[in-house]
Amino acid sequence: DYDTSSIHSLLIHRPTGRAIGTVRLILPRADRPETSFPISRQCTHPLFHHPHLISRSCEVSRFAISKALREDILAGTQGESPADACGTWSTKNIIRYAGTGLLFAAFDMAIENGADGLFALMEPSLLRQLGWFGIHFMPVGRPVEYHGLRQPSFNLIKDLLAGARRHDPEIWAVLSDRGRLDRAIDSRFGPRRLVAAYGHLAGAADGGVAAADREWRGAAALAE
């Protein structure tokens, strides 16, 4: 349903030419914003139905790392030879960077398409794994059934990058292309009120959304 309004990235291991992961980014629909994202169909929280937020966000989906790669890594940790030409040492490096490489692709595509926030329906285990690297999506509402149990989540790309930088500057360098994405965000979304508007929305109940909407409009006006 969403491929016509989506863009994709494929992660390649350069030494071998092997495809090791993929990610899809769903873009907002200008003609029907309320139908832009799967998360809006699955979740009733007002955050996922806010027109201004939808227009400035994308949804990350089909975030996947090659099953064959994971099997090779497991074989390497057990002292066996990996099944491809990567070698044990480089294969272990891939598992550290494959996930962050895919997130970099998602961040880069989102910023290029004018977004500053990311929605995601994530497995709770994936949220925990991203947290190991300081990458923290905010859980919003309760988990839902969507191809298995998924946690609705959101965060600003700026805050995701900031968390990674505090936790592990090496991971931040991968995620931000050594600061290029941070500079791109700062050049477009400088006013701090824009971040504050998102913060109000993330915790807003129905009555709070109107106040957040006023904050958003003021912040967006400053950003333009």
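Me: Is the crossing of α6 and α8 left-handed or right-handed?
Reply: In this predicted model, helices α6 and α8 cross in a left-handed manner. Their axes come within 10 Å and cross at roughly 140°.

Me: Which residues make the contact?
Reply: Helix α6 contributes Ile157, Lys158 and Leu161, while α8 contributes Leu181, Asp182, Ile185 and Asp186. By class, the contact has four nonpolar and three charged residues, with no polar ones.

Me: Changing topic: how many aromatic pairs are there in the whole structure?
Reply: A search of the whole structure finds three aromatic pairs. One of them joins phenylalanine 48 and phenylalanine 119, whose ring centres are 5.4 Å apart with the planes at 70°, so this pair is edge-to-face.

Me: Where do phenylalanine 48 and phenylalanine 119 lie?
Reply: Phenylalanine 48 is in the loop between α1 and α2, and phenylalanine 119 is in strand β4, so the pair ties together parts 71 residues apart in sequence.

Me: And is phenylalanine 119 buried or exposed?
Reply: Phenylalanine 119 counts as buried, at 0% relative accessibility. The ring of phenylalanine 119 also pairs with that of phenylalanine 154; the centres are 5.5 Å apart and the planes at 45°, so that pair is tilted. Phenylalanine 154 belongs to strand β7, 35 residues away from phenylalanine 119.

Me: Which residues form the aromatic cluster?
Reply: The cluster is formed by Phe37, Phe48, Phe119 and Phe154. Phenylalanine 48 is buried at 0% relative accessible area, and phenylalanine 154 is buried at 1%.

Me: One more thing: what sits over the ring of tryptophan 172?
Reply: The charged end of arginine 165 does, 4.0 Å from the centre of the tryptophan 172 ring.

Conventions: Residues are numbered from 1 along each chain as its sequence is written. This is a predicted model: local features need pLDDT of at least 70, side-chain atom pairs count only at pLDDT 80 or more; totals for chains, interfaces and linings use all residues. Side-chain values use heavy atoms; hydrogens and water are left out. Axes are lines fitted to C-alpha atoms, for helices over the stretch in contact, and angles run from 0 to 180 degrees between N-to-C directions. Helices (H or I, at least four residues) and strands (E, at least two) are DSSP runs, numbered from the N terminus. A crossing is left-handed if the near helix is turned anticlockwise from the far one by less than a right angle, and right-handed if clockwise. Contact means heavy atoms within 4.5 Å. Ala, Val, Leu, Ile, Met, Phe, Trp, Tyr, Cys and Pro count as nonpolar, Asp, Glu, Lys and Arg as charged, and the others, Gly among them, as polar. Rings of Phe, Tyr and Trp (its six-membered ring) pair if their centres lie within 6.5 Å; planes under 30 degrees apart count as stacked, over 60 as edge-to-face and the rest as tilted. Buried means under 20% relative accessible area, exposed over 50%, partly exposed in between (1.4 Å probe, protein chains only). A charge sits over a ring if NZ of Lys or CZ of Arg is within 6 Å of the ring centre and within 35 degrees of the ring normal.
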